[in-house]
Amino acid sequence: MWKKIKDWIEVRLGLDELVRTQLREYRVPKNVNIFYTLGFVAVVAYMIQALTGFFLLVYYVPHSEHAFKSVQDIMTKVPYGWLFRQMHVVGGNLMVIVLILHLLAVFFMGSYKKPRELTWVSGGLMLATVFLFCLTGFLLPWSQLGYWATTIVTSMPAAFPYVGDFVANLLRGGDHVSGPTLNRFFALHIALLPPILVALMGFHLFLIRRIGISSSPFGESGEESGPWVGYRHEQYHGQPFYPHFFLKEVFMCMVYLAVMFFFITFMPTFFAPEDANIQADPLRTPAHIRPEWYFLAPYQMLKLIPNKFLGISVQVIFVAVFLLWPFIDTREKKNILKRPFLLTVILCGLTLWAALTFWGRY
Amino acid sequence: MRYILSLLIVLTLAPAAMAGYRETFQREFLSKPWAGGPIVEKSACIECHTSDIMKPAFRTIPDEWQGSWHALNEVSCHDCHGGDPKDTSLAMSHVRGFVGKPKYDGVPGYCGKCHIGIMKTYLESGHGKTLKAAKKGPNCVTCHGSHGIQRATIDIINEQSCSRCHSYERAKVMKQALFLTEKKIGEIRSSLKALKNEGIYTAEDEKAVFSTEAEFRTLFHTIDVNLVKDRTDEFTRKLDNIEKTIQSTFSELKVRKNFSAFLTLVFAGLAVVVALLTATYKE
């Protein structure tokens, strides 16, 4: 019976051939390291977010008067609601960490260079989309933490001349964060951002499979065959994608899940401190409120630069340079260790980012 | 590198040329507590009372208030004394509701604007009746203080304080009658804090404790020991119910922790299995 069903599907879809050509015969460079698996971990992390988000959506009420109560009901009354919510909260933060690590790995291995510029740009846009996911999702529980963090972040665009107030008001649906802001953020979080992210993810993965995975400049190098003058699909003689590389990816996913449940068990309030358990009160500003950790560096920078427009412009320039980096750094040399100036600049930049984040936190 | 430099110069010059464009944003953004600005809003009362024109005895009032339970709960000068803290010229105008310092026997009515239940029982008590009849005797500030007021505890009833007016014996009996209930309230508060630290929403239970405690505090302002003893059972029952809810939350929390710890182990174990499996696939 089972064989009949299998044959029926095989005749129509040709699964055996698909598995053979796309998994077993598809080979990745010999020198791929564990950092190459982070993209796959990010995809799995997003799937977990989508799944847990769906369960939360069943009970969540997107209204400023009911949102907080509905989230508390999810935490206390809905069977295993606490688990799905904690997975969503912790998962959201871990996903950002995985994406940042993935980005750094791609950068340090020079994988953004020709012909993979579009892969980098689509990855950068995905990171921006994930930040938008985080920003919009942070407000939804309608807690003091989310409310005031959103107030800070939505104030930032007001530093732009002419369009600043318009952008800030468009985001908030008024002069300050209120019910309409919640409705807008909810709509963005569940209806607009998911298809955008899935489309970008699809394009990103398509490019990776179409051009071929980039080989690392470290270790056994030199597998890529010559300069890119026309289109070609990079063929490697390294290891098969399945099971060799796939198992590495599965290993990292298990580590990701173990870390996630470690946080849920032993540090349940690490990403949701006390203010996350207090209902939003627009008339009561908490003394030590701050944005989420990944927005702390730009927030601190904005506080330090005396002119706000200059401050926010520097950040826009930074984002533009980041997104267009493959078109700025067009040298073919991939090994960053042989480019001490660039390495120093990047390490200084990362140290500055960490210092600003730490400064903004304390 | 020249591309980066030229891009940075071009994109930085334009905003630099427009420096100072958004003063409003600076004012609105940086003046807020969440942007590192001052937490206490500008108050005419504080400005004047901390300035050199004020009598030295009155200059310490803002400091006393800053460390008080009232300050912690955002009860400010004008909430008791009236007036307009945002307008220096009319801060002490009767038109703006300024009432200044109350007379000695007017203190209960002053505090009773907020502490309504306690004022009522106090006025019916021996303390209140004495004040009403003789215009002297203990009023609210005699035991609780004024500007530097702290969260009330059972320790306010002590020999040093009570024996200013009468012997400590009766007060001691009252303190003993209150002791167990007060202790229970303290324990429940600690448990709620522990739950809060675990990320559990405790506001509903906190409200229940607060209202029970407020009712209990109202009761003992009658300074009627027999009444306190008679009604202690009623309060104990209420507190027991709250405690039961808290205990069941702790049990639930334990189940949750065990479950997620189990999942941590499952995935850590799977990671080890996959790592071992990977090792068998060496080419």
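Colleague: Which other stretch of chain B has a pLDDT under 50?

Modeller: Residues 33–40 of chain B stay under 50, and the model has 16 contacts for them beyond four places in sequence. Where pLDDT is low, the predicted coordinates should not be read in detail. The model scores ipTM 0.88 and pTM 0.80.

Colleague: What makes up the secondary structure of chain B?

Modeller: Chain B comes to 15 helices and zero strands. Of its 283 residues, 19% count as buried.

Colleague: Why are the buried residues of helix 14 of chain B said to lie on the same side?

Modeller: The buried residues are B:D205, B:V209, B:T212, B:E213, B:F216, B:L219 and B:F220. They cover an arc of only 115 degrees around the axis, and therefore lie on the same side of helix 14 of chain B. An α-helix has 3.6 residues a turn, so residues three or four places apart point the same way. The face turned away from the buried side carries the exposed residues B:E204, B:K207, B:F210 and B:S211. The cover over the buried residues includes helix 9 (116–124), helix 13 (169–197) and helix 15 of chain B.

Colleague: What makes B:E74 exposed, and what is its phi?

Modeller: B:E74 has 10 other C-beta atoms within 10 Å; exposed requires 12 or fewer, so B:E74 is exposed. Its phi is near 60 degrees, a positive value in a residue other than glycine. B:E74 is in the loop between helix 6 (69–72) and helix 7 (77–81) of chain B. Most residues other than glycine have a negative phi, and most peptide bonds are trans.

Colleague: Why is A:W142 called buried?

Modeller: A:W142 has 23 C-beta neighbours inside 10 Å; the cut-off is 20 or more, so A:W142 counts as buried. A:W142 is in the loop between helix 6 and helix 7 of chain A, and has a positive phi of about 55 degrees although it is not a glycine.

Colleague: Which residues of chain A are joined by a cis peptide bond, and what are the omega values?

Modeller: One such bond joins A:K114 and A:P115, with omega about 10 degrees; another joins A:Y242 and A:P243, with omega about 5 degrees. A:P115 is in the loop between helix 5 (81–108) and helix 6 of chain A, whereas A:P243 lies in helix 10 (residues 241–266) of chain A.

Colleague: How far does helix 9 of chain A reach, and where does it bend?

Modeller: Helix 9 (residues 179–211) of chain A has 33 residues and reaches 46 Å from its first C-alpha to its last, close to the 48 Å expected at 1.5 Å a residue. Helix 9 of chain A bends by about 45 degrees at A:L193, and the proline A:P194 follows within four residues. Buried residues of this helix include A:F185, A:F186 and A:L200. Just after helix 9 of chain A, A:G212 takes a positive phi of about 105 degrees.

Colleague: Which residues have the most contacts inside the largest nonpolar core?

Modeller: They are A:V41, A:A45, A:M95, A:V98, A:Y256 and A:M260, in a core of 71 residues. Helix 10 of chain A gives the most to this core, with 11 residues. A second, separate core of 13 residues includes B:L178, B:F220, B:F235 and B:I246.

Note on methods
Residues numbered from 1 in each chain as written. Chains lettered and ligands numbered in written order. Predicted model: local features only at pLDDT ≥ 70, side-chain atom pairs only at ≥ 80, totals over all residues. Helix = DSSP H or I, 4+ residues; strand = E, 2+ residues; numbered from the N terminus. Expected span 1.5 Å × (residues − 1). Bend = angle between axes of the 7 residues up to and from the residue. pLDDT = per-residue confidence, 0-100. Contact = placed C-beta atoms within 7 Å. Core = buried A, V, L, I, M, F, W, Y, C linked by C-beta atoms within 7 Å. Arc of directions from axis to C-beta.
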